[in-house]
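Student: I have a model open on my screen and would like to learn how to read it. Could you walk me through a few features?

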Amino acid sequence: MRELIQKVKESEFDYEFYPTTSEIIKIINSDIHRQYSKFEISILDIGAGNGNFFKVLESLNQKKSDCKFIKYAIEKSPKI
């Protein structure tokens with residue numbers, strides 16, 4: 001991860017990186033399940049960074065077949 005951030009920084013793109021922690025994703029996931037028992041939900045991750053948000057969210061919901069996430073993401077910095 002440090003190497004990727006360094007490459008972005010050297011290319012003079014926006015290099016600030018604020019990852020969404022697993023704890024925050026667990027809270028978001030809990031809120032989703034509190035409001036919906038069976039669902040298909042669209043989620044937009046603004047400033048997706050390395051895509052960790054969706055990786056963790058999916059791992060939390062692996063055993064729940066009633067969950068379907070339609071995922072959208074956007075990142076300011078081009079992929080290097």
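Student: Let me start with the helices: in which hand of crossing does α2 pass α3?

Tutor: A right-handed one: that is how α2 passes α3. Do keep in mind that this is a predicted model.

Student: How is such a packing described, and what are the values here?

Tutor: Two packed helices are described by the angle between their axes and by the distance between those axes. Here the axes of α2 (residues 22–35) and α3 (residues 52–60) come within 10 Å and cross at roughly 55 degrees. That angle makes α2 oblique to α3.

Student: Which residues meet where α2 and α3 touch?

Tutor: On the α2 side look for S22, I25, K26, I28 and N29; on the α3 side, for N52, F53, V56, L57 and L60. By class, the residues of this contact divide into 6 nonpolar, 3 polar and 1 charged.

Student: How many aromatic pairs does the structure hold?

Tutor: There is 1 aromatic pair. To read a pair, take the distance between the ring centres and the angle between the ring planes. For F53 and F54 the centres are 5.3 Å apart and the planes stand at 75 degrees; planes over 60 degrees apart count as edge-to-face, so this pair is edge-to-face.

Student: Are F53 and F54 buried or exposed?

Tutor: Both F53 and F54 are buried. Across the protein, buried residues make up 21% of the 80 residues.

Student: Now the overall layout: in what order do the elements run?

Tutor: Reading from the N terminus, the order is α-α-β-α-β, with 3 helices and 2 strands in the protein. For contacts, ask how far apart the partners sit in sequence. Among contacts between residues at least 6 apart in sequence, 73% join residues at least 24 apart.

Student: Where does S42 lie, and what does S42 touch?

Tutor: S42 lies in strand β1. Leaving aside residues up to four places away in sequence, S42 touches I70 and Y72. The C-alpha atoms of S42 and F69 are separated by 5.9 Å, although these residues are 27 apart along the chain. With a relative accessible area of 48%, S42 is partly exposed.

Student: And where is the place of G49?

Tutor: Look in the loop between β1 (39–46) and α3. G49 has 39% relative accessibility, so G49 counts as partly exposed. Its C-alpha atom is 8.4 Å from that of I74, which is 25 residues away along the chain.

Note on methods
Residues are numbered from 1 along each chain as its sequence is written. This is a predicted model: local features need pLDDT of at least 70, side-chain atom pairs count only at pLDDT 80 or more; totals for chains, interfaces and linings use all residues. Side-chain values use heavy atoms; hydrogens and water are left out. Axes are lines fitted to C-alpha atoms, for helices over the stretch in contact, and angles run from 0 to 180 degrees between N-to-C directions. Helices (H or I, at least four residues) and strands (E, at least two) are DSSP runs, numbered from the N terminus. Angles under 35 degrees count as roughly parallel, over 145 as roughly antiparallel, 65 to 115 as roughly perpendicular and the rest as oblique. A crossing is left-handed if the near helix is turned anticlockwise from the far one by less than a right angle, and right-handed if clockwise. Contact means heavy atoms within 4.5 Å. Ala, Val, Leu, Ile, Met, Phe, Trp, Tyr, Cys and Pro count as nonpolar, Asp, Glu, Lys and Arg as charged, and the others, Gly among them, as polar. Rings of Phe, Tyr and Trp (its six-membered ring) pair if their centres lie within 6.5 Å; planes under 30 degrees apart count as stacked, over 60 as edge-to-face and the rest as tilted. Buried means under 20% relative accessible area, exposed over 50%, partly exposed in between (1.4 Å probe, protein chains only).
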